[in-house]
Every structure is written in C-alpha cells, then in structure tokens.
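Visitor: I am new to this structure. Please take me through one part of it at close range, and then show me what surrounds that part.

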Amino acid sequence: MDTASRNPGIDLLRGLSILLVVIHHIGLRIPLKKTVLGGFVPHRLLSALNYNGYEAVFVFFTISGFLIAGHALRRWGSLDRIDFRAFYARRFARIMPCLLALVAVLSALHLMGVDDYVIHRANQSLPRAIFAALGLHLNWYEGHTGYLPGNWDVLWSLSIEEVFYIGFPIACILTRRAWILAPMLVVLALSLPYTHALYAGNEIWQEKAWLPGMAAIAMGVLGALAAARWDPPRRSLIHALCLVGAAGIASILLVEDILWDMLKDGCLLLLTFSAACLLVGLQWRERLGASRPLRGFGWLRSFGQLSYEIYLTHMFVVFGAVRLWRAWGSDKPHGWIWYAPVVAACWLLGWMVARWFSNPADRALRARLLGKDRESVRGEERGTRLKVEATRLEPLS
C-alpha cells in the first residue's frame, strides 16, 4: 500500500482496491442494502461494494510485492544485488513518518477519552498497542486479544507487509539466483489456501495472520520476476492475460459466495493469481508503449497514488461522518447520500497528508539516510521516471 507506480493501469487497480476498503468501512456502519438503493439495485452488487474490503487488501498485497520487486530489479539489475542500506532506508523513509504520526494522534485521542478511539478491552492497553504497531505485530496482538479501535486496526496489514520486506533482501542475497528464489516463492504463494484454513479456529487471526498475507505478496514478487524475465508477447496475448486477470478478480468480488462452495480458501489464491496476471499484462503493455490512461478515471488513479495515506487516515473521516449521520437521525433509506462526500473527504485528507507531510518527510529522510541532499533525491526520482520511459519497447505489429 506504500509503494509508488508510474503505470496508469496499476494505479487504477490500486485505486479500486483502496476505494473498496473505504466503502467497506462505511458499509459496515451505513449498509447500502438498507438504503433506497436496495429497492432497485441488485443486492449482490451492493454487497460487492460494501463487503470486499478484506479481498481488496489481498489485491494490495499482490500489488505491493509486484512493485517492490519490480523497483528492485530496475534499480539494481537483479534481486541478489539489492543494496541493504538503500532498500531499508527507502522503506523506513516511506513507512515510518506516517506510522509514527498516526500512532501519536491515536494515542492522544485515547488519552483524551474520545469515543471511537479509546482502547477499552480489559486485556489490551495503550502501551501494548503502541508496541504492537511499531513492532510490526499488531496483527498478532489483535489475534490474541481482540479487535482494536478502527484506526488502530488498519495497521494489521502493515505488520504483514513490512515483516515480509525485512526478510526479502536477506532471502534474495542468500539464494543469489532467481531459479533458487522463485521455487521458494511459488511454495509460499501456493500455500495461501492451506495457511488461511489452518487458522479457522480463530476468526481474527485467520484474517490477519502473517503467512496468508505473505503468500499474496510472494505472488506479486513472482509476477514481477515473470514480467522482467520474459519479453512481452503479442498484443493479443497481453490483452488476453489482462482480461483473464480482470475476470478472475471480478469473479471473487461478485460471486465469491458461489465459488466458495467449490474452492473454499482457494478463492483467495484465485484472487491473488488473477491480480498477478493482470499486473504482468499491465507491465508488458507499459513496456510496449501501449498503456494509455482511461479517460474519466483520473480520480481513481489518484486514489491509487495516495493509497498509503488514504488507508492510514480514512477512518478519521468515516468515524466523523457516521457520528454526523447518527446525530441527524440515522436516516437509513438516504444513507447512500453520505458515500460520495465521505469518499471525497478521504481523498482530500490523504492528499493533504501526502502533500504537506509524508512526501517531504520521505525525501528528507532518504537524503539523510542515504547521504544525499534533497535536490539529489528529487533528481533521482526524475531519473527513475526517465529510466522507466527508456525501457519501454516500440509497439509491435
């Protein structure tokens, strides 16, 4: 959720994913099926909008693995050449400013006794929640003690991603060859249905355990290796790959309840495999120079570009909007009216955080940790963009 992309198709997929997360958290409190839309819009479609936040996070995991590995391959040429210091410095600079700021704000709100932000379970405490969030095991903490308030709860996925990326460069250096690393990633990626089913006795831990999330990230890394290893095939095959990937994702989002009878926990494997196929297809289209932004969807691509900031902050907007909705009478039939302004406000808050906090902090930390001045960091960003443009191939007939 915290990686950058220069591919409009990938940004669009990320934007759709973060939008589903936001709508999911609104829908848990103002369900679309109980509004007037439930009278004429199919309930399956409304449920797909409201209740696919968890699936959207697994798409995020796949995208994150794809982008992190892809960036490493472009920057260092191969995964065994990863510069530990540079890799960890970039991850720290991107992740920690927003994480520390969020934990500080949530701690202050808890101490002030603000509703929706108070940690109230008898077996939970503020110091322990802070340690879990900064120690990247908030998912484990929730699995053993219960759900934390919503703004804390979103950090479960960050715990999975960052633990994976702490070990990722080490695994790349130790294996030293893609043909050794790739089978390990395949085993991890294919383990998703089994590791997810393994924790069926604990609903929270089943949702948030490390191994299922890491399996989705591994699928994304495999996609990046495949996209870099093979030259793009004919456009018709790329289009077919994108179509298959999009269809697989859509099938899970729309008819997962039907597929569940046949695939059980394999539905998540189908989702991550489909996402990886779509990502490879989108990357190949980019290399062919055939990637064009869809008109009218710039707002959704912007959601994708701000996905990290929106993900960490959107619950502030959701909680505030739900309180206003309740104060004005909890009008369920017209609850759908709240969705557009809440979504817009989530984007605006994410944009402000990125514009005035996370992006400047990212540049400043990278400059300090990598021993560069800020202009050099900006120049490096521009150089990376130009390098991506230069690696595109001429369109094939």
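How are helix 4 and helix 16 oriented to each other: roughly parallel or roughly antiparallel?

Guide: Keep in mind that this is a predicted model. Start with the two axes. Those of helix 4, residues 84-111, and helix 16 come within 10 Å. They cross at roughly 5°. An angle under 35 degrees counts as roughly parallel, so helix 4 and helix 16 are roughly parallel to each other.

Now look at the residues that touch. Helix 4 brings Arg 94, Ile 95, Cys 98, Leu 99, Leu 102, Val 105, Leu 106 and Leu 109. Helix 16 answers with Tyr 308, Glu 309, Leu 312 and Phe 316. By class, the contact of helix 4 with helix 16 has 10 nonpolar residues and 2 charged ones. It has no polar residues.

Cys 98 is buried, with a relative accessible area of 6%. A search of the whole structure finds 0 disulfides. For Cys 98, the nearest cysteine sulfur belongs to Cys 346 and is 15 Å away. A disulfide needs the two sulfur atoms within 2.5 Å, so Cys 98 is in no disulfide. Cys 277 is in no disulfide either; its nearest cysteine sulfur, that of Cys 242, is 9.6 Å away. Cys 277 is buried too, at a relative accessible area of 11%.

Helix 16 has another partner. Helix 1 spans residues 8-27, and helix 16 spans residues 307-327. Their axes come within 10 Å and cross at roughly 15°. Helix 1 and helix 16 are therefore roughly parallel to each other. The crossing of helix 1 past helix 16 is right-handed. From helix 1, the residues in this contact are Arg 14, Ile 18, Val 21, Val 22, His 25 and Ile 26. From helix 16, they are Ser 307, Ile 310, Tyr 311, His 314, Met 315 and Val 318. The contact of helix 1 with helix 16 counts 8 nonpolar, 3 polar and 1 charged residues.

Follow helix 1 to helix 14, residues 266-287. The axes of helix 1 and helix 14 come within 8 Å and cross at roughly 150°. That angle makes helix 1 roughly antiparallel to helix 14. On the helix 1 side, Pro 8, Gly 9, Ile 10 and Leu 13 make the contact. The contact of helix 1 with helix 14 divides into 6 nonpolar, 2 polar and 1 charged residues.

Ser 330 lies in the loop between helix 16 and helix 17, which covers 339-369. Phi of Ser 330 is near 50°, a positive value in a residue other than glycine. Ser 330 is partly exposed, with a relative accessible area of 29%. Helix 17 holds Arg 355. At 48% relative accessibility, Arg 355 counts as partly exposed. Arg 355 and Leu 306 are 49 residues apart along the chain, yet their C-alpha atoms are separated by 9.9 Å.

Another loop has a positive phi as well. Arg 176 sits between helix 8 (156-175) and helix 9 (178-190). Its phi is about 65°, although Arg 176 is not a glycine. Arg 176 is partly exposed, at a relative accessible area of 43%.

Last, turn to helix 6. In helix 6, 6 of the 8 residues are buried, so helix 6 is largely enclosed by the rest of the structure. The buried ones are Leu 138, Asn 139, Tyr 141, Glu 142, Gly 143 and Thr 145. Their cover includes helix 5 (126-134), helix 7 (150-153), helix 8, helix 11 (203-208) and helix 12 (210-229). Take Glu 142, found in helix 6. Glu 142 has 0% relative accessibility and counts as buried. Beyond its neighbours within four places in sequence, Glu 142 is in contact with Tyr 147, Leu 148, Asp 153, Trp 156, Ile 204 and Lys 208. After helix 6 comes Gly 146, with a positive phi near 110°.

Key
Residues numbered from 1 in each chain as written. Predicted model: local features only at pLDDT ≥ 70, side-chain atom pairs only at ≥ 80, totals over all residues. Heavy atoms only, no water. Buried < 20%, exposed > 50% of the residue type's maximum accessible area, 1.4 Å probe, protein only. Axes fitted to C-alpha atoms, helices over the stretch in contact; angles between N-to-C directions. Helix = DSSP H or I, 4+ residues; strand = E, 2+ residues; numbered from the N terminus. Parallel < 35°, antiparallel > 145°, perpendicular 65-115°, else oblique. Left-handed = near helix turned anticlockwise from the far one by under 90°. Contact = heavy atoms within 4.5 Å. Nonpolar A, V, L, I, M, F, W, Y, C, P; charged D, E, K, R; others polar.
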